[in-house]
Every structure is written in structure tokens, then in C-alpha cells.
Amino acid sequence: MAEQSQGTWLSPATYERLQAELEEMTTVRRAEIAQKIEAARSEGDLRENGGYQAAREEQSKMEGRIIELTHLLENAHVSEPPSTDVVAPGNVITATIAGEEERFLIGSREQADLVNVEVYPENAPLGQAIMGLKVGGKTKFQAPNGRKIPVEIVKIESLDH
């Protein structure tokens, strides 16, 4: 099994959901968009054909998502959510950051819709700083502007499915 540092953590349920999305896009959606493009082409002048332009834009967005999903799934670290003893990818964290309490997920944005919270990747400055801390643990992380920001872990929760 791959180490967590080699890819984004995903729960088995999210991994399966993303695989299904990728499969749908590479089979059904590609064919649908190709048909839209062909139908629009048959209408004549492509420079002034809004349907053709819209279909090409939809195709471009979908191909970008296919690339994104393929990379994510090929490099994912798939496992059940970790224990709540220490901060780890897949945990929902409540922390005091620069005096303000925030609740967020450490992991992938693909998981965020499951808990409806902000997401910080484990390789982001905040994620790197708090990884492995226990409740009550304190540290600082460096913001992009160079400022050191204090963080204290208040609560560690398992990601709900």
C-alpha cells in the first residue's frame, strides 16, 4: 500500500464515487458531447455557431476533469478514516488559529462535500504543521506572507460517511 505522503488520502467510498464519475465521463459523457459537436457542425458556419462553441467548451471542461480525476485516483492513498488520537488526513479538525476557532478537513476537496467544511491539504503549510498533533497540541505555521500563525488543536473527529 502507498504511503500517505505519496498521494491524497481518500476514503474507500469517495474513491469508488470518483471512479464511477470517471467511468461515466470517459464512456457516456464523451459520446454525448461528440454527438453535440457533430450535430452543431452540420448546421454550417462554425465561427457563428453558439451550439458548437458551447459543446467544445463543455468538452474542454470535461477533459480537464478527466485528467484531474485520473491523476487523483492513480495517486490516492485509500483507507478508512484514521483514528482520532492524532491529526491525520481524513480527520475533521477544530482548531484555534490566530485566536479564531475554525473547523476543517485535512485531506482532499473531493471529501469536503461529505462534511461541508473548509479543506486544507495535508501538504499545505497548516496541514504540515499540525499533522500528528493531539488535542491540546500547539504549534505555529508560516503563512504565505511569512507571518508565523499560532494553532491549537481543540478537537479531532472522524470523517462521517
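**Entry 1: the model**

I noted at the outset that this is a predicted model.

**Entry 2: the sheet**

I looked up the strand order first. Five strands form an open sheet, and they run β5-β4-β3-β7-β6. The pairing in this sheet is mixed. Which strands sit at the edges? I found β5, residues 118–120, and β6, residues 138–142. Each of these two pairs on one side only. I also took down the twist, which averages 45° from one strand to the next.

**Entry 3: β6 against β7**

Strand β7 covers residues 148–158. In which sense do β6 and β7 pair? They pair in the antiparallel sense, over five bridges.

**Entry 4: salt bridges, the count**

I then turned to charged side chains. Side chains of opposite charge can pair when their charged atoms come close. How many salt bridges does the structure hold? I recorded nine.

**Entry 5: Glu21 and Arg65**

I started with a salt bridge between the side chains of Glu21 and Arg65, at 2.9 Å from N to O. This pair links distant parts of the chain. Glu21 lies in helix α1, residues 12–41, while Arg65 lies in helix α2, residues 50–74. The two are 44 residues apart. Is Glu21 exposed or partly exposed? Its relative accessibility is 25%, so Glu21 counts as partly exposed.

**Entry 6: Arg65 again**

I stayed with Arg65. Its side chain also meets that of Glu68 in a salt bridge, at 3.0 Å from N to O. Arg65 and Glu68 are three residues apart in helix α2, so about one helical turn separates them. Glu68 has a relative accessible area of 42% and is therefore partly exposed.

**Entry 7: Lys61 and Glu57**

I checked another pair in helix α2. The side chains of Lys61 and Glu57 form a salt bridge at 3.4 Å, N to O. What separates the two along the helix? They are four residues apart, which means about one helical turn. I compared their accessibility with the cut-off, since exposed means over 50%. Lys61 has a relative accessible area of 59%, so Lys61 is exposed. Glu57 stands at 48% relative accessibility, so Glu57 counts as partly exposed.

**Entry 8: a network**

Last, I looked up a linked group. Which residues take part in the network of salt bridges? I listed Arg29, Glu32, Lys36 and Glu58.

How values were computed. Residues numbered from 1 in each chain as written. Predicted model: local features only at pLDDT ≥ 70, side-chain atom pairs only at ≥ 80, totals over all residues. Heavy atoms only, no water. Pairing = 2+ DSSP bridges. Axes fitted to C-alpha atoms, helices over the stretch in contact; angles between N-to-C directions. Salt bridge = Lys/Arg side-chain N within 4 Å of Asp/Glu carboxyl O. Buried < 20%, exposed > 50% of the residue type's maximum accessible area, 1.4 Å probe, protein only.
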